[in-house]
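Subject: Structure handover

Hello,

Here is the structure you asked for. Please open it first, then read my notes below.

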Amino acid sequence: MATNPSIDIPGTAGIFEVPKKITVLRLRWLVVIICSYLLITSQGTWLAPTSVHAFIFVYILSNIVLYWVEETLFDSSYFYSPLVIFDTIFVTASLVISGQVETDFYLVYFLIVILCTIWQDFRGLVVVAVLATCLYAFFLFRTTHQIVDPSIYLRIPFLFVISLFYGYFAQVVRAEKALKEKAEQEAQDMAMIQTLSQSLPSSLDYRQILETLGDKINHVVHADKFYIFTVDDAEPSSRGLLFGDEKAEEFSGKDVDLREYPTVQECLLKRSPVIQRNVHPKQLFPGEPAGAENLVSPLFPTSIGVPIMFRGETHGVILLGFNQEDRLLSSREIEFCQIVAFATAIALSNAKKYEELQAEARRRQIIAEQLADANRLKSEYLASTSHELRTPIATIMGYGHLLGDGACGPLTQEQKKVMGRLMENARGLLAIVDALLDYSKIERGEAALLVKRDDVRPLLDQLQRELAPLENRKPFKVKYEVEEGVPIIQTDWAKLKSVLLNILSNAIKFTDQGEVRLSVVNAVNGNVSFVVSDSGIGIPKDLIPLIFDKFRQLDGSPARSYEGTGLGLTISKNLAELIGGKIEVESEVGKGSTFKVTIPVSTN
Amino acid sequence: MDTKKTIMVVDDNPDIITIVKTILEGKGYNVLSAYSGPELLTCLEGQKPDLIVLDIMMPQMDGLEVLTRLKGAPDTSSIPVILLTAKVQYEDVLGGYKLGADYYITKPFTSTQLVNGINLLLGEGKS
């Protein structure tokens, strides 16, 4: 009691602004004085004067003793109820001893005082007190002719006031206590709900949620046994997991048949709290009473089941068992259980979703790993194949050189021409093998950058030299232009060269007349663009996005006849990206294509 | 040239040996051959060539392993080694030089490449 001084109870101020102890003592002094006066001045007393004096002395002493009593005791009904009874008896005794009025009517007042300690309604008390006074006065006046002593009339207001004071006092203390208890309980509930709403949804672990739940709910409701049933997704009406509060055992889920638990079953059906009484295991397991006793069976004289529901989905049931046969569950307790169940439902629903997401993530990761594995194997295969292929090509070209150099005797003009074609094809084959290797290398992310600052001119010279054999079979030469003010560039020149070489050789391959031109121009943001334009066959609009795909060459008769792995543009695109650049394509069928390679002036 | 210089070619592919042999004998070198690393190491016990042309991808013993052994042994460490290999990537070349190779030629190769490399290492002018 009175442990929480911060709680303010309205309506109990007023007369109780003075500490209760002082109020009681002052009131009692009044009673003591008046009673003493009545006893001393009474004429018809049938008690010896010494006894009367002793009586008065005890009464005065009792009030003095009260000064040493603790203030807090006056809040306790165990203290003030006996006090009220003692005073009632004392006042009664005083009146009886003075013996001037029919004692019966005093009993009415005693009744009021006693009533006051039990009754809650002060207005009712006033009505009864007024009624009693009127009755008392009526009887007094009826016997007026016998009464001469005016002190008789003094008793009316005196008794009236006393009964009211005692009653009021008792009631206020009682009301205050009730209010305080309620407020404390509510504060406790709120705190509990708050910690619950914080701790439950923050956890994504099923078991942890249920443990927290068990802890919280038991703190308020104090059940003898506490169980949670979670329903099985596949068979929500029959199968589920049972989590018990077995202290010795672990809080672990046990596979159960929900139909064996009538409270749970009813709860799942009604989707609202269910209270059942006096369900005994023997009623449910008539065939095996011995075994039923040993079952972890939530069957209790009183049990309450609360469904764990969220968005119309029932996740399970909270079941509380009480050994007490007629345990009354207050609406507050049931309400609390429901709030807890709701918070649990949200938490469980989150946990379930989280589990699903995790499973999905795991599944995806496995697929991703498998894909990465397959891709890595493919890249490794490409790399080793291209290495393996280089040796026979080296042999072919080595013998070719020997023949061509006349190491095996002089060749005729015709033989030399055939040798030339042979060597050219061997070089073509080598280019394909190199493309495969480059591709696998980029795929494996192994391509390292070799950055160097340089002018673009040496690059153009190299390109011109390397493309010369291709140009020889065409009626045009590639034109090279550099715009005024193109700066020194810091980039990986070997990679830039293979990009341009690839695009240019394509341009030459796919152009039969007209021209192929490479212009180096300044672009926005300090970038430099290498624009390769040709007057070749062109690319249909809808196919432009596809030309960078692996192993794809455009269908259609002329393209089919052009050699290549189809890897060229894919690699070019990857290489351009490696050096921080990009490739843009514009084309019109029959008119030609423009490939624009834009790179930053500086790459790290 | 008064005395013929001896060059040892190591490759598991007989065709490559034939080609290298033809080119180098044409240039007036005495050419010996071995088909594997262990075979080379056995040969070296008897005779020290002036230069070794070594393949990398070989069964039994990897060319780089052979190179490491050659450069690690005091009596063979001074013999120049040319790696002649199908391993063409930048890291391969760098790795070869790091292990002590004196020259690196990628397959396919031309006679000029090979002769230039040898001339460079043996300090001879064009013959």
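What pLDDT does chain A average? Chain A averages 74, and 73% of the residues score at least 70. Here pLDDT is the predictor's confidence in each residue, from 0 to 100.

Some ground rules. This is a predicted model, in which local features need pLDDT of at least 70 and side-chain atom pairs count only at pLDDT 80 or more, while totals for chains, interfaces and linings use all residues. Residues are numbered from 1 along each chain as its sequence is written, chains are lettered from A and ligands are numbered from 1 in the order in which they are written.

Two parts of chain A need care. Over residues 281-298 of chain A, pLDDT stays under 50, and the model has 20 contacts there beyond four places in sequence. Residues are in contact if their C-beta atoms, placed from the backbone, lie within 7 Å. Residues 551-565 of chain A also have a pLDDT below 50, with 18 contacts in the model beyond near neighbours in sequence. Where pLDDT is low, the predicted coordinates should not be read in detail.

**Where the chains touch**

The contact takes 17 residues from chain B and 16 residues from chain A. On the chain B side, H1(B) gives the most, with five residues. That side divides into eight nonpolar, six polar and three charged residues. The classes are these: Ala, Val, Leu, Ile, Met, Phe, Trp, Tyr, Cys and Pro count as nonpolar, Asp, Glu, Lys and Arg as charged, and the others, Gly among them, as polar.

Now the helices. Helices (H or I, at least four residues) and strands (E, at least two) are DSSP runs, numbered from the N terminus. Helix H11 (residues 331-404) of chain A meets helix H1 (residues 14-26) of chain B: their axes come within 9 Å and cross at roughly 25 degrees. That makes H11(A) roughly parallel to H1(B). Axes are lines fitted to C-alpha atoms, for helices over the stretch in contact, and angles run from 0 to 180 degrees between N-to-C directions. Angles under 35 degrees count as roughly parallel, over 145 as roughly antiparallel, 65 to 115 as roughly perpendicular and the rest as oblique.

The crossing of H11(A) and H1(B) is left-handed. A crossing is left-handed if the near helix is turned anticlockwise from the far one by less than a right angle, and right-handed if clockwise. From H11(A), the contact uses Ala394(A), Thr395(A), Gly398(A), Tyr399(A) and Leu402(A); from H1(B), it uses Asp15(B), Ile16(B), Ile19(B) and Thr22(B). By class, this contact has five nonpolar, three polar and one charged residues.

**Chain B**

Chain B has an open sheet of five strands, in the order S2-S1-S3-S4-S5, with parallel pairing. Two strands pair if DSSP finds at least two bridges between them. The edge strands are S2 (30-34) and S5 (103-106) of chain B, and each pairs on one side only. Strand S1 (residues 6-10) of chain B pairs with S2(B) over five bridges, in the parallel sense. Thr6(B) stands opposite Asn30(B) in S2(B). H1(B) lies across S1, S2 and S3 (51-54) of chain B, and runs at about 165 degrees to S2(B).

Which bond in chain B is cis? The peptide bond joining Lys107(B) and Pro108(B) is, with omega about -5 degrees. Pro108(B) sits in the loop between S5 and helix H5 (111-122) of chain B.

**Chain A**

Chain A also has an open sheet of five strands, in the order S8-S10-S11-S13-S12, with mixed pairing. Strands S8 (479-482) and S12 (582-588) of chain A stand at the edges with a single partner strand each, so one side of each is left without a neighbour in the sheet. Strand S11 (residues 527-534) and strand S13 (residues 592-600) of chain A pair in the antiparallel sense over seven bridges. Ser529(A) stands opposite Thr598(A) in S13(A). Helix H14 (residues 493-510) of chain A packs on the sheet and touches S10 (516-522), S11 and S13 of chain A.

One last residue. Arg271(A) has a positive phi of about 55 degrees, although it is not a glycine. Arg271(A) lies in the loop between helix H8 (262-270) and strand S4 (274-277) of chain A. Most residues other than glycine have a negative phi, and most peptide bonds are trans.

Best wishes
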